[in-house]
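Here are my notes for you to read with the structure open beside them. Take the points one at a time and find each place as you go.

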Amino acid sequence: MSGQWEVVIGLEIHAQLATKSKIFSAASTAYGAEPNTQACLVDLGYPGVLPVLNEEVVRMAAKFGLAVNATVAPRSVFARKNYFYPDLPKGYQISQYELPIVEHGELFITDADGNEKRIGITRAHLEEDAGKSIHEGLDRYSGIDLNRAGTPLLEIVSEPDLSSAREAVAYMRKIHSIVRYLGISDGNMQEGSFRCDANVSVRPLGQEELGTRSEIKNLNSFRYVEKAINFEVERQIELIEDGGEVRQETRLYDSDKDETRSMRSKEEANDYRYFPDPDLLPVEIDATYIEAVRATLPELPDAKRRRFIDDYGLRFDDAGILTASLALSDYFEAVASATDAKAQIAANWVIGDLSAALNKDGLDIEQSNIAAADLAGLLDRIQDSTISGKIAKEVFEAMWAGEGNADDVIEARGLKQITDSSAIEDVVDRIIAANPGQVADYKAGKDKLIGFFVGQVMKETGGKANPGQVNAILKDKLS
Amino acid sequence: MSQDLHLQTLTQLAAGLENGTFSSVDITKALLDRIDLHNGRLNAFITVTAEQALADAQRADDARASGNAGVLNGLPIVHKDIFCTRDVLTTCGSRMLENFVSPYDATVVKRMAEAGAVMLGKSNMDEFAMGSSNETSYFGPVMNPWNLECSPGGSSGGSAAAVAARLAPAATGTDTGGSIRQPAALTGTVGLKPTYGRVSRYGMIAFASSLDQAGVITRSTADAAMLLGVMAGFDERDSTSINQPVPDYVAGLDKSLKGLRVGIVRQHFDEGLDDNCGVAVKDALALLEAQGAILTEVDLPNLELSVPTYYVVAPAECSSNLSRFDGVRFGHRADDAEDLFDLYCRSRGEGFGAEVKRRIMTGTYVLSAGYYDAYYLKAQQVRQLIADDFRKAFAGVDVIAGPTTPTPAFKLGDKTDDPITMYLNDIYTIGANLAGLPGISVPCGMVDDMPVGLHLVGAHFGEETLLNCAHQYEQRTDWNEACPEDFR
């Protein structure tokens, strides 16, 4: 299929902004409270109440705009998106329509061939979230929880520059990484703080005109984004190849069945009757403000990746993995700066054993059982030949299980490497004496048998003999 | 003593309270008695808060005794039922909010209460302030104290009737297209609509957010100035309120009109204006001139477009503002809804009256895809032109003067079947709303035994000049002292 069809994808990402209070009221945005305990009269849309903009969201949106090399609009306007739904208290959502706060941004992802690919960001606008309808456990009624109503969102709209589910995920991960670096969103996908809608279409390779798109709503994990898009692409191609036509419609992804289902067609779509909200003034931002915000920008993932390559000599891919997450990159830097081992060794451990252990236990890097300083301590023991790399894996497991730092584990388990030549020589002599056949074969030219002898020595010493010394002594004695 | 308390203006009552001639409890009792006696004929009140008023009056008297009297300490006030009042019914003249008790006070209500004012009750009004005759109220029309067969105007008709009938010396109102000034003119009272943004809209149930402005209906300009001083000022709960110092409006009332440049709009005296009303207004202009004002003609070339512009912008905003009344969280909820759609349709269908529905439908239409540019966007452009016309005019004049309404009060029922004629009643007042300017109507004569108003419009934040001009005019006339015979 990939030979004949080109896939065109655009994403609308909703990132919840990490403010203490809501976008237009003083109510708290904290997650997980009892239903309707974090909704004030403004959130409830009571008669006579008015929205007042939380200025923090403007600063956050401006920060994002600058981070993706976008234009931060000197003047943006809030508009009302009108539709009826029980979890939308005012009967309209306050959003931005014609004049969003951020426009014309970009970021770069790595495509399937390993090349950098530019993805355009059409716009990012501020809006309020709606509440939540609850249908379970209420007999024949539906419940409404308005705690989430009025939570600030930044909706980030990409150009249709993405050509595969893989690229879509890479782009979404990049945005995720940027908002986390900026500290403007916690990016928590389980709590719905970071989710997206995917616009997907296909067209015959080489055709200029875009195919009809469908929009898959409310994808709240990277895995679902990938699976939903892949399903949708195949569905559309099959449909067209069978002589059918793709309908412009909104679809929902069912993760249990791994399929998308039609939600409503274009004809059934609402006419939102957008118009500027007369209760709110236009947001006006001057150059001084923008420069002040720019001064607060942290080092961003791309810059940090370059620095990791330049300063630490890391491989391109490893630098990318480490810098995708601010916390992971911080952890790595803490290890690398505390150990005498090479930075690439530190990177290998963080990306390899540490990440595997975190994954296995379902932990975030912030919750790691091994502190960065302790991992650095372990690497130092490899570096100074106290233990071998192989023994280090055992020490790591013990540290992870809570047996103390590297030195504690090495001491308690007696894992210190044997570097005393005479002690190694004794063992080597015994192995040679016990295996006359293999010795004869080796001397007759079967060089590969050296591995057998090394293995025997290591077995005898419980893996603690210094492998380099073992090799040298064996070769010497067998020659 | 108590027989004439109802005839006194707010300023006079304030002096009497200060001198200890009478107490706030005396005033409150006297007025509650009058309301009890006369409201049946007028239907000016939806709610009378007698018990609360007497308690507040006592508290005000105590405060005065202990030397803690605010600017309005012990003075009675009536609030239009569009202002949210904590723990008191707030209906907005609609079945939709027939049983709605507000959990909070509007900023206007709060500021007046903090200054010591005593609320007597909530006044009747056109439903959601949509109307010019008070006939769209779910609670029935208000009668004009000058002729019970006539409308007092609207939408603040209850406030105007209550003040004209001496049931209260002052009442709040709201003005989206003339809803304070037109009823003031038709009842022989003073009606002030301040500059858009001068007074907070928080807690004032929205009709058309970009046009709505709170104001007052009183029996003298000095009273209006006193109340404005309390109501005005920035409110962090209303982003469209403007952060500008509030001058002492009362202290600014004694300036001579010598050299004041008064603009006259020629079109205001063209056809459509009742001849006798025209004569009354021209007499008023002559009096201003006699006081030293300089009359000059000003041109507002786009003003004739103000009514159609208004009837696109206002319904558009109202169609969205009234979406929150859906039967889900508060207000009227239809019984036994089959499903969500049925709940919406019937709650709104039953809760709203015909005029409100007409405007919601008009507004929904002008905002719809394919019509937005031709109606809403075009109307906003014309609105800008009208505002520009005013700005240019105010480069050469200090106030613009003319009639408030084309005719004196009309008979109840006369215009209910003809919305367009009804809409034209606001032809002279709508421009100030579209341009966000302050306006005032003061009594300037009687035509066929019914009052007529002089309309003055000021420049942006030009309340001081506007109030001074109205006050100086009042000093040479006694139209504002005229009282309907049945209510002396």
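**Notes on the two chains**

1. Let's start with a residue to look up: His104(A) lies in strand 6 of chain A, which covers residues 102–110. Keep in mind that this is a predicted model. The phi of His104(A) is near 60 degrees, a positive value in a residue that isn't glycine. That deserves a second look, because most residues other than glycine have a negative phi. His104(A) counts as partly exposed, because it has 15 C-beta neighbours inside 10 Å.

2. Now hop over to chain B for another positive phi. Phe128(B) has phi near 50 degrees, and it isn't a glycine either. You'll find Phe128(B) in the loop between strand 3 and helix 5 of chain B. Is Phe128(B) buried or exposed? Phe128(B) is buried, since 32 other C-beta atoms sit within 10 Å, and 20 or more is what buried takes.

3. The peptide bond leading from Gly154(B) to Ser155(B) is cis, with omega near 10 degrees. For background, most peptide bonds are trans.

4. Three strands form an open sheet in the order 5-4-15, with antiparallel pairing. Strand 5 (92–96) and strand 15 (275–276) of chain A are at the edges with a single partner strand each, so one side of each has no neighbour in the sheet. Strand 4 (residues 78–82) of chain A pairs with strand 5 of chain A over 5 bridges, in the antiparallel sense. To see one pair up close, look at Ala79(A), whose bridge partner in strand 5 of chain A is Ser95(A).

5. Back in chain B, have a look at strand 9 (residues 399–403). How many of its residues are buried? The count is 5 of 5, so to speak a mostly covered strand. Strand 9 of chain B runs parallel to strand 7 (residues 261–265) of chain B, and 3 bridges join them. With strand 11 (residues 450–458) of chain B, strand 9 of chain B pairs in the antiparallel sense over 5 bridges. Val399(B) shows up in both pairings: Val262(B) stands opposite Val399(B), and Gly458(B) in strand 11 of chain B is the bridge partner of Val399(B).

6. Which residues of helix 11 of chain B are buried? They are Glu355(B), Val356(B), Arg359(B), Ile360(B), Gly363(B), Val366(B) and Leu367(B). These cover an arc of only 135 degrees around the axis, so they are on the same side of helix 11 of chain B. On the other side, Ala354(B) and Met361(B) are exposed.

7. What do those buried residues pack against? The buried residues of helix 11 of chain B pack against helix 9 (306–321) and helix 12 (373–393) of chain B, together with strand 15 of chain A. Strand 15 of chain A is one of the edge strands from point 4.

8. Last, the contact between the chains as a whole. In total, 23 residues of chain A are in contact with 32 residues of chain B. On the chain A side, the residues touching chain B are 14 nonpolar, 4 polar and 5 charged.

How values were computed: Residues numbered from 1 in each chain as written. Chains lettered and ligands numbered in written order. Predicted model: local features only at pLDDT ≥ 70, side-chain atom pairs only at ≥ 80, totals over all residues. Buried ≥ 20, exposed ≤ 12 C-beta atoms within 10 Å, placed from the backbone. Helix = DSSP H or I, 4+ residues; strand = E, 2+ residues; numbered from the N terminus. Pairing = 2+ DSSP bridges. Arc of directions from axis to C-beta. Contact = placed C-beta atoms within 7 Å. Nonpolar A, V, L, I, M, F, W, Y, C, P; charged D, E, K, R; others polar.
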